[in-house]
Amino acid sequence: RGASSFRAFVERLEDDAERSEVEEAPVVEEGTEGVRIMTVHKAKGLEFPVVILADPTCAATREPPTRHVEVLRGVWVEALCGCAPPELVDHHEEEARRDREEAVRLAYVAATRARDLLVVPVCGDEVIEGWLAPLEPAVYPPRETRRKPRRADFPGVPGFGKESVVGRPENARGGPSVAPGLHRPQAGEHEVVWWDPHVLDLERDEQVGLRQQRILEADAEGVAAEEGMRAHERWQARRGSALARGGRPSLVVAPVTALAAAAPEAETGADEVALLEVALERAGRPHGRRFGTLVHATLAALPLDAGEARVAATARAQGRLVGASPEEVEAAAVAAVAALAHPLLREAAAAEARGELRREVPVILRLEDGSLAEGVVDMAFRASVEGARSRGEPKARRSTGGKPSGAKIWCVVDFKTDQELGPRRAQYAAQVRLYARAVAEATGEPARGVLLSV
């Protein structure tokens with residue numbers, strides 16, 4: 001196709017792979033030397049002296065099946081956007097069986113393209129689960145003869161050792177690994193040579209540039225060649241230094257939830273985080289990560305003056321998005337109605353009317369070690385210091401700096417749906433305290449954290 005070098009050929013392959021384009025391999029006349037890279041489907045009907053199978057971990061079938069065909073009825077159905085039609089669901093087992101049978105036929109076609117030599121990628125410890133697994137009986141020797149090759153040394157191959165697996169751990173599962181050498185497999189009258197990878201020069205550094213430089217710059221005395229070698233070594237040293245510098249992160253970003261979970265004691269500040277509870281019966285209601293996500297999503301999508309009908313409709317819509325059960329949707333609606341009636345959210349509604357409310361706000365905080373903490377604040381609004389004290393909230397994250405007692409502070413709210421906050425209160429307090437620090441630094445005004453148990 002006009003590639004001027006092996007590097008250009010590899011770049012062409014990468015470009016085709018990125019565009020998901022595969023061209024038919026060009027027809028090569030009999031006797032012409034070369035390598036053809038083909039899919040198994042396009043190799044049907046062809047034969048080659050040597051065939052090397054590739055990509056052994058590629059899945060043999062699609063799970064679950066993605067299409068169902070009924071020729072007599074003229075019906076073709078397939079999944080779309082994660083949704084499967086009833087016909088596909090009803091024939092799931094039938095299509096899965098067809099896919100498994102087709103995978104066996106595909107492996108047979110691939111193996112029978114070879115005339116003289118077939119090279120199969122395998123693992124000596126156990127069968128690789130993939131599209132080549134059906135070839136196991138024709139490749140693997142019986143378990144009792146795995147360590148007893150028929151021949152360990154014969155013409156055409158280097159001297160083999162005793163292991164066909166590089167770096168095999170002592171506690172590897174799957175029984176004894178296959179010893180390198182000539183074996184008779186479980187099925188068939190042919191013989192299989194299991195290779196010893198230790199005789200191969202693996203992970204060799206590419207030296208093409210240095211060799212080419214020697215050829216191009218060689219002269220009678222070899223002076224230019226030696227200088228070229230030294231220049232190349234200096235380049236390699238600079239390149240290695242650049243790679244080492246590039247391997248060190250210049251910026252570390254971590255989510256607030258992870259930082260709070262890893263070291264809650266570092267940001268606990270229990271005296272600076274208020275815990276308020278919504279009057280709600282929590283015993284027996286759904287719980288867990290999905291329910292918490294549903295309650296958060298419902299509260300985030302609702303206006304603060306929403307009525308029960310609006311809350312129920314929003315909970316149903318959000319429930320469909322997260323795959324919640326009807327019980328979870330009903331419980332989330334009840335929790336949202338109770339939360340909207342809480343004095344804290346009534347004050348937030350008043351702040352919204354003044355344009356002093358923020359909901360679902362992403363924040364970033366630079367920590368003392370230079371790293372960044374990022375997260376999303378459920379709700380933050382400006383409130384008066386007197387109003388916060390009347391709710392029994394503690395002092396703000398930062399002092400008001402001599403401002404009058406009527407100064408505003410930011411109330412940073414984090415919703416929690418746990419039945420009991422006790423075991424994780426320190427972690428949650430650390431989380432909302434980091435949020436309050438971020439809001440305080442972003443606005444230049446004091447901020448306090450509030451955990452609202454919904």
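This is a predicted model: local features need pLDDT of at least 70, side-chain atom pairs count only at pLDDT 80 or more; totals for chains, interfaces and linings use all residues.
A crossing of two helices is called left-handed if the near helix is turned anticlockwise from the far one by less than a right angle, and right-handed if it is turned clockwise.

Residues are numbered from 1 along each chain as its sequence is written, and side-chain values use heavy atoms, with hydrogens and water left out.

Let me start with the whole protein. Its secondary structure comes to 13 helices and twelve strands, where helices (H or I, at least four residues) and strands (E, at least two) are DSSP runs numbered from the N terminus. Of the 454 residues, 35% count as buried; buried means under 20% relative accessible area, exposed means over 50%, and partly exposed lies in between, with a 1.4 Å probe and protein chains only. If we take the contacts between residues at least 6 apart in sequence, 69% of them join residues at least 24 apart, contact meaning heavy atoms within 4.5 Å.

Helix α8, residues 289-301, and helix α10, residues 326-340, pack at an angle of about 45 degrees with their axes 9 Å apart; the axes are lines fitted to C-alpha atoms, for helices over the stretch in contact, and angles run from 0 to 180 degrees between N-to-C directions. That angle makes α8 oblique to α10, since angles under 35 degrees count as roughly parallel, over 145 as roughly antiparallel, 65 to 115 as roughly perpendicular and the rest as oblique. On the α8 side the contact is made by Arg290, Phe291, Leu294, Val295, Thr298 and Leu299, and on the α10 side by Glu328, Val329, Ala331, Ala332, Ala336, Ala339 and Leu340. By class, this contact has ten nonpolar, one polar and two charged residues, with Ala, Val, Leu, Ile, Met, Phe, Trp, Tyr, Cys and Pro counted as nonpolar, Asp, Glu, Lys and Arg as charged, and the others, Gly among them, as polar.

The axes of α8 and α9 come within 9 Å and cross at roughly 135 degrees, which makes α8 oblique to α9. Residues of α8 in this contact include Arg290, Leu294 and Thr298, and those of α9 include Val311, Ala315 and Gly319. Here the residues divide into six nonpolar, five polar and one charged.

The remaining pair, α9 and α10, packs at an angle of about 135 degrees with axes 9 Å apart, and α9 passes α10 in a right-handed crossing. Glu308, Val311, Ala312, Ala315, Arg316 and Gly319 in α9 meet Val329, Ala333, Ala336, Val337 and Leu340 in α10, a contact of eight nonpolar, one polar and two charged residues.

Which residues touch the most other members of the largest nonpolar core? Of its 37 residues, these are Met379, Phe381, Leu452 and Val454, a nonpolar core being a set of buried Ala, Val, Leu, Ile, Met, Phe, Trp, Tyr and Cys residues joined through side-chain atoms within 4.5 Å. The elements that give two or more residues to this core include α8, α9, α10, β10 and β12, and α10 gives the most, with nine. Leaving aside neighbours within four places in sequence, Val454 is in contact with residues including Val295 and Leu299, Ala335 and Ala339, and Phe415. A second, separate core of 22 residues includes Val363, Leu367, Leu421 and Tyr435.

Let me close with some single residues. Ala260 is found in helix α7, residues 256-262, and at 2% relative accessibility it counts as buried. Ala260 and Ala426 are 166 residues apart in sequence but 8.5 Å apart in space, C-alpha to C-alpha, and, not counting residues up to four places away in sequence, Ala260 touches Gln427, Ala430 and Gln431.

Asp55, in the loop between β1 and β2, has a phi near 55 degrees, a positive value in a residue other than glycine, and Asp55 is partly exposed, with a relative accessible area of 48%. Glu360, in strand β9, also has a positive phi, near 50 degrees, and Glu360 is partly exposed at 33%.
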